[in-house]
Each structure stands twice: as structure tokens, then as C-alpha cells.
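Welcome! Please take a moment with the sequence and the 3D view below before reading on.

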Amino acid sequence: QVQLLESGGGLVQAGESLTLSCAASGRTFSTHAMGWFRQVPGKDRLFVATIDNLGGTTYYAGSVKGRFTITRDNTMNRLYLQMNNLNPEDTGVYYCAARRTFTVGVRAELYEYWGRGTQVTVSS
């Protein structure tokens, strides 16, 4: 089983930037496609970004395209989300997730392993 731990969340003002990190356990990190999801209390967990196992393919939610960048470093078992020009609608708990297959996915049910999340709050 893959253990995931997010970090880097915090409180920022609109227009500022933040970088999230996700540390993954084990020796199989490079075989998993990865994703970032955002959730607000009482709301569904929403897709943010995904990256294939080797980092060659990425896909973003329309609301973050051009502002966020998902990357991975397989030598360090790390996943990142660079968030620029943040707005209040980006507020939520951000979850790192891993799926068993190589390819990108946008649905939460495609991912088997989840971190506990890190809070991002963007004030207007």
C-alpha cells in the first residue's frame, strides 16, 4: 500500500502563489499516475490536476489551467502542485492521490490511495 503525506498549505491573499508537496512511500512510485483534488466541507471532492507515472502527460481542470502546474520527481518520491495567481475559489483541503495504473485520470474513484490533505485558504 502507498502512503501519501501532503504539505505546504497555508493562508495567502488573492493573487499570491503557493506550492504543495506530496511525499510518497515505497518503491513503486514511478508506476503510479498521480492527482491533486480539492474539497470544501459539505461539497464533493473536485479534480484539480493529474500526471502520468513518468511525468510526460498532464491534465488540468479548466478552472486552474494556466495557473497551476503539476510535476513529479520520481527520484525523490515527490509530487508537487505549483499554484500561481490564487483566488478565493481555490480555497479547500488539497489531497494527493495515487492510482494503480500509469495513465492520467480525472475522476476521484480512479484513485486507490489518498493522503490526509493540506488546507489552502485564499483571502480576497
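## The chain as a whole

Before going further, please keep in mind that this is a predicted model. Its secondary structure comes to eleven strands and zero helices.

If you turn the model in your viewer, the C-alpha trace spans about 40 × 30 × 25 Å along its principal axes. Of the 124 residues, 42% count as buried. Contacts also reach across the sequence: among those between residues at least 6 apart, 59% join residues at least 24 apart.

As background, strands of a sheet pair through backbone hydrogen bonds, either parallel or antiparallel.

Strand β3 (residues 18–24) and strand β8 (residues 78–83) run antiparallel and are joined by six bridges. For a place to start, find Thr19, which stands opposite Gln82 in β8.

## The disulfide

How many disulfides does the structure hold? There is one disulfide, and it joins Cys22 to Cys96 with an S to S distance of 2.1 Å. The two cysteines belong to distant parts of the chain: Cys22 sits in strand β3 and Cys96 in strand β9 (residues 92–98), 74 residues apart. The link of Cys22 and Cys96 is left-handed, with -75 degrees about the S-S bond.

Are these two cysteines buried or exposed? Cys22 has a relative accessible area of 0%, so this residue is buried. Cys96 also counts as buried, because its relative accessibility is 0%.

## Three salt bridges

A search of the whole structure finds three salt bridges. One of them pairs Arg67 with Asp90, and their closest N and O atoms are 2.8 Å apart. This pair links distant parts of the chain, with Arg67 in the loop between β6 (58–60) and β7, and Asp90 in the loop between β8 and β9, 23 residues apart. Both Arg67 and Asp90 are buried.

Another salt bridge is formed by Arg100 and Glu112, where the closest N and O atoms are 3.7 Å apart. Arg100 and Glu112 are each in the loop between β9 and β10 (113–114), twelve residues apart. Arg100 is exposed, with a relative accessible area of 54%, while Glu112 is partly exposed at 32%. There is also a salt bridge where the side chains of Glu109 and Arg107 meet, at 3.0 Å from N to O. Glu109 counts as exposed, at 59% relative accessibility, and Arg107 counts as partly exposed, at 45%.

## Two asparagines with positive phi

Asn77 is not a glycine, yet has a positive phi of about 55 degrees. You will find Asn77 in the loop between β7 and β8. Is Asn77 buried or exposed? With a relative accessible area of 16%, Asn77 is buried, because buried means under 20%.

The other residue is Asn85, which has a positive phi near 50 degrees and is likewise a residue other than glycine. Asn85 lies in the loop between β8 and β9. At a relative accessible area of 47%, Asn85 is partly exposed.

Notes: Residues numbered from 1 in each chain as written. Predicted model: local features only at pLDDT ≥ 70, side-chain atom pairs only at ≥ 80, totals over all residues. Heavy atoms only, no water. Pairing = 2+ DSSP bridges. Helix = DSSP H or I, 4+ residues; strand = E, 2+ residues; numbered from the N terminus. Disulfide = S-S within 2.5 Å. Buried < 20%, exposed > 50% of the residue type's maximum accessible area, 1.4 Å probe, protein only. Salt bridge = Lys/Arg side-chain N within 4 Å of Asp/Glu carboxyl O. Contact = heavy atoms within 4.5 Å.
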